[in-house]
Every structure is written in C-alpha cells, then in structure tokens.
Amino acid sequence: MTDIVSTTPGLYPLPDWAKDDLSGLKGHQKDDLISGDEGEEIVSVYDEARADVIETQQAAGLDRVVEGQLRWDDMLAHPLAVHDSVDTRGIVRYYDNNNFYREPVVTDSLSKDGGDVAADLGAAADLVDDEALQAVLPGPYSLADLATDEYYEDEAEFLDAVASFLREEVNEFPEVETLFLLEPSLVTDAPGDGADERASEAIDSVASAADAEVVVQTYWGALEEKVHAHLLDADVDAVGYDFVTDHEANLYNINEYGTKDDIALGVVDGQNTLVETPGEIRERIEWVDEQTANDFETVYATANTELFYLPVNKFEEKLQALAGVAEVEEVQA
C-alpha cells in the first residue's frame, strides 16, 4: 500500500503580526534585508514567527514540518545572499513573477560559512520530533542559476563550488527525516548538453551528505526529456513533479522514462488563493497513480511551489487541506 506523506516545499508567508513588528525593526530598503548579522530584536521576532508557523503545521496535522524559511528575503537565493564571499547588488526578478531578490554575486571562494540554514533548522529541531522534521534547500543548479559568478569564471567549476557549499550546509543539519531540494531552474532554464549531466551530479553530491530521504522538487512546468533522464541518475529517493502547471508533460516523462520508487506530487497550487479540498487533492493523487504503471512506495503530497505568495489565511487553509488527505485515505482503507 502506498504511504501518502503530506508536506510542503517551505518558504512560508510571514505571520501578519511579524510583518508589523519587522517593518519597524528592519526598514524597507534593499540594505535592510536579511544579511545574517541581525540584531537581537529581529532575531527574537523571527524565532517567535518560526514557532508560530511550526505550531500551525503541527495543528494542521502535516506529516512533515518545515522550518518555514521566514528569513529568506531573497527566496531561493538566500543561502548565498548571506555568505561572506558574496556581494548582494541590484534587484532582479524572481523567475516569472512579481517578486524580486538581491542579485548574489560571488566574489571569492564559496567555503564553509557558518551554516545559516542549519542554524535555523537547529532552532526548529527543538520544536519538532526528529521523525517529522524536513529540511529545505535550493538545489545546486537553481542556486547557481540565480547567482552571478565573478570568481570561478567557469560554469562547471562554479556549479561544483555551489554544490560543495550546500553539502557543507547539510553536514551541519540536525537529524531530519526528509530533505527537499528545490530545483525550479531545471525547468525554467534547462541545462544543455553536458550541463544536464553535471546538474544531476551536483544534486547527487548534495544528496549524498544527507542522512535522510531526499526529494528533488521541480516546478513551473515539466523537465525536458533529457534533463529528466539525467536527473533519474542522481541517487535521490524521489523526484517531485508539478501537476498543477503541466500535468500532461510530467505524466509523459514518468511513463516514458520511469521515475524513482517514491514520488512527490505538486497537486496543490502554491500561487493561487483557491483552496483545494482534501478530496480534490486525493483525486489528483489517484489520477496520477491510475495513469502510471509505477507502484509507488511513498507519495509526498505537496504544493507545487513555495507558499510565500499566499495571504496567511489561504496558506493556513492549504496546509489543512494537505494534511486532510491522509484522513481521506484512512476512511477508504
């Protein structure tokens, strides 16, 4: 019997009270965004906000609980934006939407740098059982894609350096059950010949550092066929597919090339305020199961994208809907 695990890719909206508190502490200019050396008052607000979103996930009944990534002002570029070897310069568009991030420009070696993500995850670990805690990181290809390199000056070497940096970050993690590596750039800016194989190897390198189930979540469409085929070579436990944006192309990739024994299904729209019901989410999961020959051991039921696009009330309702999928399954069993 397939085990359905309810979870999310993280990057949550800040609670409204935290937005109000931080607006008076951080300011509203580019230089006021998170840099990794925040003062005690700001740290305290984020600590309380982290506890808030963790409690929200636990109250909803999600099987996997994330830290929330509330400090990630630069979205997936955050781990580099707070690195000592990186300058943050102009504001650039975050993929094809109306959000923006500071361009991280790598000016020196991406050596180990304090474990910013690991520190936040460690704080979350104090509030979550080991078996429920899920880590979230940008995948190496997407993080390199969002950045500018002025140090390595070689695309392959830069990707290796980003993967090495992420691997060091994973080494600092507390015990987690699952690691989600978010790789939207594999879809939106697909690597070409040779680069597609290197992207898979970089993902494999980061995944190898994790003592956890590793899921590579892709979104905003479907992978090109060759990119998908190379991604399956990476030693990860599951690939995630965006069944909100392009269910036909993702289904084609699975049926044509296969996939891992486990799968993540992006079946809740992370950018639309229309809230799906648990029954609708369950139907979408069953549709994929019926349309494929695979006998999945685990299905991660998740939103297709990060959830910070949503107002807090809709975000919370979507968490409750995802968590409710397990209850639908139990009734039918």
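A: Let us begin with a pair of residues in this predicted model. Both Asp74 and Arg102 are buried.

Q: How are the side chains of Asp74 and Arg102 joined?
A: A salt bridge is a side-chain nitrogen of Lys or Arg within 4 Å of a carboxyl oxygen of Asp or Glu. Here, Asp74 and Arg102 form such a bridge, with an N to O distance of 2.6 Å. Asp74 belongs to the loop between strand 2 (65-66) and helix 3 (78-81), while Arg102 sits in strand 4 (residues 100-106), so this pair ties together parts that are 28 residues apart in sequence.

Q: Which residue forms a salt bridge with Asp47?
A: The partner is Arg50, and the closest N and O atoms are 2.9 Å apart. Both residues lie in helix 2 (residues 40-60), three residues apart, which is about one turn of the helix.

Q: Is Arg50 buried or exposed?
A: Buried means under 20% relative accessible area. Arg50 has 4% relative accessibility and therefore counts as buried, whereas Asp47 is partly exposed at 37%.

Q: Which residues are linked with Asp47 and Arg50 in a network of salt bridges?
A: The network also includes Glu38, Glu67, Arg71, Asp116 and Asp120.

Q: Where do Asp196 and Lys226 lie?
A: Their side chains meet in a salt bridge of 4.0 Å, N to O. Asp196 is in helix 8 (residues 195-207) and Lys226 in helix 9 (residues 225-231), so the pair ties together parts that are 30 residues apart in sequence. Asp196 counts as buried at 4% relative accessibility, but Lys226 is partly exposed at 42%.

Q: How many salt bridges does the structure hold?
A: The structure holds 15 salt bridges.

Conventions
Residues are numbered from 1 along each chain as its sequence is written. This is a predicted model: local features need pLDDT of at least 70, side-chain atom pairs count only at pLDDT 80 or more; totals for chains, interfaces and linings use all residues. Side-chain values use heavy atoms; hydrogens and water are left out. Helices (H or I, at least four residues) and strands (E, at least two) are DSSP runs, numbered from the N terminus. Buried means under 20% relative accessible area, exposed over 50%, partly exposed in between (1.4 Å probe, protein chains only).
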